[in-house]
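Me: I would like to learn how to read a few features of a model. Please take them one at a time.

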Amino acid sequence: MSAHAAGKRVAVIGLGRMGLRHLEAVSKLGMTIVGVADTSEVARETARTRFGVDESQCYAEGTEMLRSVRPDAVVVATTAPSHAPLVVDAAEAGVRHILCEKPMAVSLAEADEMMTACKRSGSVLAINHQMRFMEQYTLVKALIGSDELGPLVSVLVAASNFGLAMNACHYFEMFRYLGDAPISGIQAWFDRAQLANPRGPEFEDRAGRLLARDPAGRSMFIDFSMNAGSGIHVTYICRNGQIVVDEINGDMRVVARKSEHRDLATSRYGASAEVRTQAIKPVDVVVPTVDLWSAMLQGETFPDGNAGAHALACCVAAHVSHEAGGREILLADPALPRGRRFKWA
């Protein structure tokens with residue numbers, strides 16, 4: 001339980017798999033659930049049964065709930081097309097703290113509208129990119145730049161068919177967080193075929209490969225082919241060694257030059273090294289979400305609207321690059337289509 005969160009009146013809009021995990025997170029924080037909303041009666045019944053939500057606090061429509069309940073904080077855990085209107089409605093209803101699921105919106109223009117509405121009302125907006133609260137990234141960040149590993153050179157993400165907007169967007173935030181710099185350019189090559197989206201036939205996402213760069217010349221390559229169906233391994237290549245993380249099973253392997261070899265040229269890549277492995281916490285979304293809420297409520301750093309918009313711009317640039325035959329698209333390019341809407345879930 002958090003002293004900053006205890007008793008705060010919170011509502012959750014969207015009671016799918018992530019919505020229920022958000023209910024779990026706010027319960028752990030000691031927040032008081034004053035309303036839930038979902039178009040599905042089955043989903044509302046699940047919230048009533050599992051979290052003791054009174055029937056009078058259950059709504060089929062999110063905006064109606066916001067007007068009736070007037071919560072202090074709200075979670076928007078619906079699919080992406082409704083993120084922008086619900087966040088804007090929450091801001092206009094005077095909600096102080098808003099946590100929105102990713103992807104932040106279905107267009108860059110909508111992301112702009114969300115941030116403008118929150119700024120106008122004084123609402124604090126967070127996007128649920130929780131990378132800075134997950135051990136699989138905090139441990140790596142502590143090693144990058146150390147005497148043992150040296151500076152980061154590149155990141156290789158050997159992933160599976162996890163979707164550009166669904167999960168690759170998290171890695172844009174991870175790369176920005178680890179490098180303390182935004183991504184500057186994207187190249188992408190999508191698979192020709194598309195698998196059915198598990199969220200419904202109205203949604204589309206893409207699989208394939210992409211390359212991201214930052215202004216310091218560091219790069220991140222992600223392989224998220226539709227033909228790959230198991231595991232996520234991330235390799236962080238540093239000047240003096242490599243870190244390999246098995247994100248699904250919770251394992252980290254560090255290979256680093258022995259201290260007496262650190263000053264040798266990089267062409268001496270075969271210099272003897274020390275190897276160690278350690279268990280890390282497997283992927284979990286509830287605890288990092290608790291940590292994100294705590295950071296937001298205590299005024300610490302958290303993934304805000306700008307972080308969400310940055311990840312969103314990377315997704316848009318990836319589509320434009322693919323359509324341009326894999327040409328690098330700069331995120332600062334004013335020609336990036338801000339009003340183009342995507343069928344992301």
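Me: How many bridges join strand E9 to strand E10, and do the two run parallel or antiparallel?

Reply: This is a predicted model. Strand E9 (residues 208-213) and strand E10 (residues 219-224) run antiparallel, joined by six bridges.

Me: In what order do the nine strands form the open sheet?

Reply: The order is E14-E13-E12-E11-E7-E10-E9-E8-E15, and the pairing is mixed. Strand E14 (273-279) and strand E15 (329-330) each pair on one side only, as the edge strands. Helix H9 (residues 305-323) packs on this sheet, where it touches strand E8 (185-190) and E15. The direction of H9 makes about 55° with that of E8.

Me: Why do H3 and H4 count as roughly parallel to each other?

Reply: Angles under 35 degrees count as roughly parallel. Helix H3 (residues 62-69) and helix H4 (residues 83-92) pack at an angle of about 10°, so the two are roughly parallel. Their axes are 10 Å apart. At the contact, Gly-62, Thr-63 and Leu-66 in H3 meet Leu-86, Asp-89 and Ala-90 in H4. Three of these residues are nonpolar, two polar and one charged.

Me: Which residues lie closest to the centre of the second largest pocket?

Reply: Of the 18 lining residues, the closest to the centre are Arg-239, Asn-240, Gly-241, Gln-242 and Tyr-269. The pocket's volume is about 300 Å³. Strands E11 (233-238), E12 (241-246) and E13 (251-257) each give two or more residues to the lining, with the largest share, four residues, coming from E13. By class, the lining has nine nonpolar, six polar and three charged residues.

Definitions and conventions: Residues numbered from 1 in each chain as written. Predicted model: local features only at pLDDT ≥ 70, side-chain atom pairs only at ≥ 80, totals over all residues. Heavy atoms only, no water. Pairing = 2+ DSSP bridges. Contact = heavy atoms within 4.5 Å. Axes fitted to C-alpha atoms, helices over the stretch in contact; angles between N-to-C directions. Parallel < 35°, antiparallel > 145°, perpendicular 65-115°, else oblique. Nonpolar A, V, L, I, M, F, W, Y, C, P; charged D, E, K, R; others polar. 1 Å grid on protein atoms, 1.4 Å probe; cavity = no way out; pocket = protein on both sides within 12 Å on 5 of 7 lines; lining within 4 Å. Points joined across faces, edges and corners; volume = space filled by probe spheres on them.
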